[in-house]
Each structure stands twice: as structure tokens, then as C-alpha cells.
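Student: I have not seen this structure before. Could you take me through it by way of questions?

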Amino acid sequence: MKKAFWFIPSCPEVEEELTEYLEGAPPFRRRLGIRVHLLICRACDALRRVLEALPALGRKALEAPEAPAPEAREALAGALARIREGGPGGRDCGC
């Protein structure tokens with residue numbers, strides 16, 4: 001006897017085909033089954049959201065870092081000067 005929802009893939013099947021699904025590669029009936037599965041399975045849908053976020057995270061990781069705020073530069077310069085002078089927070093701080 002066939003199961004009632006034969007077109008809905010199992011979690012392992014969805015995990016294996018999720019990248020192709022996000023690229024629109026599977027045939028319509030298979031994409032529909034995966035979509036229904038994602039509507040009812042929180043774990044697989046969470047994996048889908050992670051995979052969808054990866055390209056943006058990769059682009060963000062490759063961007064040049066933002067310049068530090070002027071206050072941060074001043075604070076760092078002051079801390080380095082104190083270290084060089086051996087003052088509070090410097091070499092002779094007693095730590």
C-alpha cells in the first residue's frame with residue numbers, strides 16, 4: 001500500500017537535495033514535495049534558512065572592514081602612549 005503523501009520526501013532526502021532545490025534544479029513535482037516538507041518540518045526549514053544566508057555571509061566576510069571610529073583610534077593611541085611611557089596601564093602598572 002502506498003503512503004498517502006508519497007510525494008513528500010523524508011528529512012534525509014530533503015537534506016541531500018536542499019541545495020539543488022534552492023537553485024530550482026529538481027522537477028516541479030519534486031520541488032513541490034520538498035516545499036511541503038519544509039512547511040511542516042522545522043529542522044529542515046531551519047537548514048534551508050541557513051543555506052539561504054550563506055551567500056550573503058560570504059560576501060560580508062570578503063568585504064573590507066569598516067574603519068574604526070575616531071574615538072577608538074584616539075583611545076588606542078593613548079593606550080599605546082601610556083604603554084611606551086610605562087605609566088598607568090603600561091609596563092610598570094604592578095600587574
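Tutor: Leu-47 is a residue of helix H3. Keep in mind that the model is predicted.

Student: Is Leu-47 buried, partly exposed or exposed?

Tutor: Buried would need under 20% relative accessible area, and exposed would need over 50%. Leu-47 has a relative accessibility of 30%, so the class is partly exposed.

Student: Which residues does Leu-47 touch, not counting those up to four places away in sequence?

Tutor: Val-14 is 33 residues from Leu-47 along the chain, and their C-alpha atoms are separated by 9.8 Å. With residues up to four places away in sequence left out, the ones that Leu-47 touches are Glu-15 and Leu-18.

Student: What is the pattern of the protein chain, read along the sequence?

Tutor: The protein chain holds 4 helices and 0 strands. Read along the sequence, its pattern is α-α-α-α.

Student: How many residues does H1 have, and how far does H1 reach from its first C-alpha to its last?

Tutor: H1 covers residues 11–22, which gives 12 residues. At 1.5 Å a residue, a span of 16 Å is expected, and H1 comes close to this. From first C-alpha to last, H1 reaches 16 Å.

Student: Why are the buried residues of H1 on the same side?

Tutor: The buried residues in H1 are Val-14, Leu-18 and Tyr-21. An α-helix has 3.6 residues a turn, so residues three or four places apart point the same way.

Student: What covers the buried residues of H1?

Tutor: Two helices are included in this cover, one at 28–40 and one at 42–62. They are H2 and H3.

Student: At what angle do H1 and H2 pack, and how far apart are their axes?

Tutor: The crossing of these two helices is left-handed. H1 and H2 pack at about 120°, and their axes are 10 Å apart.

Student: How many nonpolar, polar and charged residues does the contact of H1 with H2 have?

Tutor: From H1, the residues that meet H2 include Val-14, Leu-18 and Tyr-21. Among their partners in H2 are Ile-34, His-37 and Leu-38. By class, the contact has 6 nonpolar, 1 polar and 5 charged residues.

Notes. Residues numbered from 1 in each chain as written. Predicted model: local features only at pLDDT ≥ 70, side-chain atom pairs only at ≥ 80, totals over all residues. Heavy atoms only, no water. Expected span 1.5 Å × (residues − 1). Buried < 20%, exposed > 50% of the residue type's maximum accessible area, 1.4 Å probe, protein only. Contact = heavy atoms within 4.5 Å. Axes fitted to C-alpha atoms, helices over the stretch in contact; angles between N-to-C directions. Left-handed = near helix turned anticlockwise from the far one by under 90°. Nonpolar A, V, L, I, M, F, W, Y, C, P; charged D, E, K, R; others polar.
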